[in-house]
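Student: Can you walk me through this one? I'd like the fold and then the packing.
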Amino acid sequence: MSVFRLKIITSRRIFYEGPCHCLIIPGLDGEQAVMAHHEEMIIAIRAGEMRLQVEENGDWEYAAVGQGFCQIAHNRAVLLADVIERPEEVDANRAREALERAREKLRQKQSVQEYHMTQAAMARALVRLKETERFTASPDRRQSGSTGGYGKSR
């Protein structure tokens with residue numbers, strides 16, 4: 001089994017640190033898959049769904065990821081993002097409220113910078129809601145009490 005070392009860091013915690021078989025992240029120009037011995041590069045990440053498979057035939061773990069970037073070099077990857085949440089960590093009511101606030105702000109006159117910040121807030125809220133709805137609607141995506149090592153430092 002070919003794996004690489006992965007470290008996922010948010011502004012609040014180390015989300016995951018350990019081996020990884022495959023990481024799929026939402027890049028600016030579409031989804032990007034990272035596997036062992038990947039070419040060295042830096043990928044800009046947009047808000048979306050991140051998927052992680054620790055073992056070759058293991059279960060996929062899902063998370064909502066905010067903006068950030070991923071650096072791949074020497075069979076290691078470091079992903080830095082402003083926020084990453086497992087579906088069960090998302091407060092759907094807060095996400096809905098954030099979405100409504102962002103929609104209201106878009107209706108108001110704003111500077112270009114404020115407009116882009118509001119767009120980013122709206123994208124984050126939509127991703128969080130999508131992941132929460134998918135998690136609660138699809139029991140096969142839930143791990144029976146397991147978090148797959150997410151949030152644990154190894």
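Tutor: First a definition: helices (H or I, at least four residues) and strands (E, at least two) are DSSP runs, numbered from the N terminus. In those terms the protein reads β-β-β-β-β-β-β-β-β-β-α-α along the sequence. This is a predicted model, where local features need pLDDT of at least 70, side-chain atom pairs count only at pLDDT 80 or more, and totals for chains, interfaces and linings use all residues. Residues are numbered from 1 along each chain as its sequence is written, and side-chain values use heavy atoms, leaving out hydrogens and water.

Student: Which residues of α1 are buried?
Tutor: Ala92, Ala95, Ala98, Leu99 and Ala102. Buried means under 20% relative accessible area, exposed over 50%, partly exposed in between (1.4 Å probe, protein chains only).

Student: Switching topic: which residues have the most contacts inside the largest nonpolar core?
Tutor: Leu6, Leu23, Met50, Leu79 and Ile84, in a core of 22 residues. Such a core is a set of buried Ala, Val, Leu, Ile, Met, Phe, Trp, Tyr and Cys residues joined through side-chain atoms within 4.5 Å. Elements giving it two or more residues include β1 (4-9) and β9 (76-81).

Student: And what lies apart from it?
Tutor: Another core, of eight residues, among them Ala98, Leu99, Ala125 and Leu129.

Student: How much of the protein is buried overall?
Tutor: Buried residues make up 42% of the 154 residues.
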